[in-house]
Amino acid sequence: MPGRSIPERAGSAQRIMATVRRENFDTLENRVFHAYVRLAVDAAREWLREHPKAISSDRYAQVEGFRKACRSAVRALRDLGVGVAEAGVQPNYVLMQDKAYRQVQESWLRLLSRKKIEDDLWAWQAETWTDFSVLAITLAIDELEEAELVAQSPITWKEEAVGGRWFEQDRPIAVFWLKKTGRIVEVRSRPEKPGALLSAARAHAALRITDPSRSDVPRRVAVWTPHAMERLDLQEDAAQAGLHLQQIQPLAVSEVLRHGLILIPARGKAQAVSATRGRATVKAIALGPAGDELATGFKEVREFVRGEIYRDTQ
């Protein structure tokens, strides 16, 4: 561009190209702060909900004020286009030398650790529910007059849950011999080698029914034990599971898997529904840990197990 000074270079139009600086609030420190105040709102709300009797105290007023301030900060940061930092992000050295930022960073990490504990507790509930469901199925088989327990994996109970599990056992957890019918029924939970069909079904437990007197391949029954915060839709889940079993049938080579069982927590109402898709049938049962919910749900489990064991016995 000709000219020795800026006015000369601007030319007759008196315009010149230059760098335009635009303010950007989506910085690392603001993203960490955004993540922190989001978790802080939840923590404050939970404290207020757990301490209703302290509503007239100064502590309650301070927590309520803190919650409102954090909620306002969340709205302001969202309006400025500030994102939310992901867990594990590493701040640079300069930021960590800032006292205010370091306090926010440390508080955010503490809240993240608290959140992880809550997630682990939910995962433990899911593991425990699977164990409860497997034991319910085992008891339903053991009630049969002709059922003889010929092999049982040793169950070692722990003093406290590890990874959500209260006991350890080998696989299969139990093997029953039906003396009159002449069939072998195995109860499997979290098998190390589930096979192609059970892997495709994504089921954590299963029944394996074998008739040594016949040349038929072993028959499996998939058992799903979903555990959710809210009551699941049994009819929809049974229909979707039946459709999934129907779709994986081309994988059947050395075993048969056409039927399945879904066991979910009753959460106030025991229920049982069935759905059929082609040659696949799935029964979904909601049962509880005690009382009528347990009695009604276990009755449905018992009927399902007997129906599968004595299928094609005529």
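This is a predicted model: local features need pLDDT of at least 70, side-chain atom pairs count only at pLDDT 80 or more; totals for chains, interfaces and linings use all residues.
A salt bridge is a side-chain nitrogen of Lys or Arg within 4 Å of a carboxyl oxygen of Asp or Glu.

**First stop: Arg190**

Select Arg190 and Asp131, whose closest N and O atoms are 2.9 Å apart, forming a salt bridge. Arg190 belongs to the loop between β5 and α6 and Asp131 to helix α5, so the pair ties together parts that are 59 residues apart in sequence. Both Arg190 and Asp131 are buried.

Glu127 lies in helix α5 (residues 99-142), 63 residues from Arg190. The relative accessible area of Arg190 is 16%, whereas Glu127, at 26% relative accessibility, counts as partly exposed.

**Second stop: Arg208 and Glu255**

Select Arg208 and Glu255, whose side chains meet in a salt bridge (2.9 Å, N to O). Arg208 is in strand β6 and Glu255 in the loop between α7 and β8; the two are 47 residues apart. Both residues are buried. Over the whole structure, a search finds 15 salt bridges.

Display the strands. Eight of them form an open sheet of mixed pairing, in the order β1-β4-β5-β6-β7-β8-β10-β9. At the edges are β1 (147-152) and β9 (271-277), each pairing on one side only. From one strand to the next, the twist averages 20°.

Within the sheet, select β7 (residues 219-224) and β8 (residues 256-265), which pair in the parallel sense over six bridges. Arg220 has Leu257 in β8 as its bridge partner.

Helix α7 (residues 234-247) touches β7, β8, β9 and β10 (280-287), and its direction makes about 30° with that of β9. Helix α8 (residues 291-309) touches several strands, including β4 (174-178), β5 (183-189) and β6 (205-210); its direction makes about 160° with that of β10.

**Last stop: α2 and α3**

Select helix α2 (residues 28-50) and helix α3 (residues 58-79), whose axes come within 8 Å and cross at roughly 145°. The crossing is left-handed. Among the residues that meet here are Phe33, Trp47 and Leu48 in α2, and Tyr60, Phe66 and Leu77 in α3. The residues of this contact divide into 15 nonpolar, two polar and seven charged.

Terms used
Residues are numbered from 1 along each chain as its sequence is written. Side-chain values use heavy atoms; hydrogens and water are left out. Two strands pair if DSSP finds at least two bridges between them. Helices (H or I, at least four residues) and strands (E, at least two) are DSSP runs, numbered from the N terminus. Axes are lines fitted to C-alpha atoms, for helices over the stretch in contact, and angles run from 0 to 180 degrees between N-to-C directions. Contact means heavy atoms within 4.5 Å. A crossing is left-handed if the near helix is turned anticlockwise from the far one by less than a right angle, and right-handed if clockwise. Ala, Val, Leu, Ile, Met, Phe, Trp, Tyr, Cys and Pro count as nonpolar, Asp, Glu, Lys and Arg as charged, and the others, Gly among them, as polar. Buried means under 20% relative accessible area, exposed over 50%, partly exposed in between (1.4 Å probe, protein chains only).
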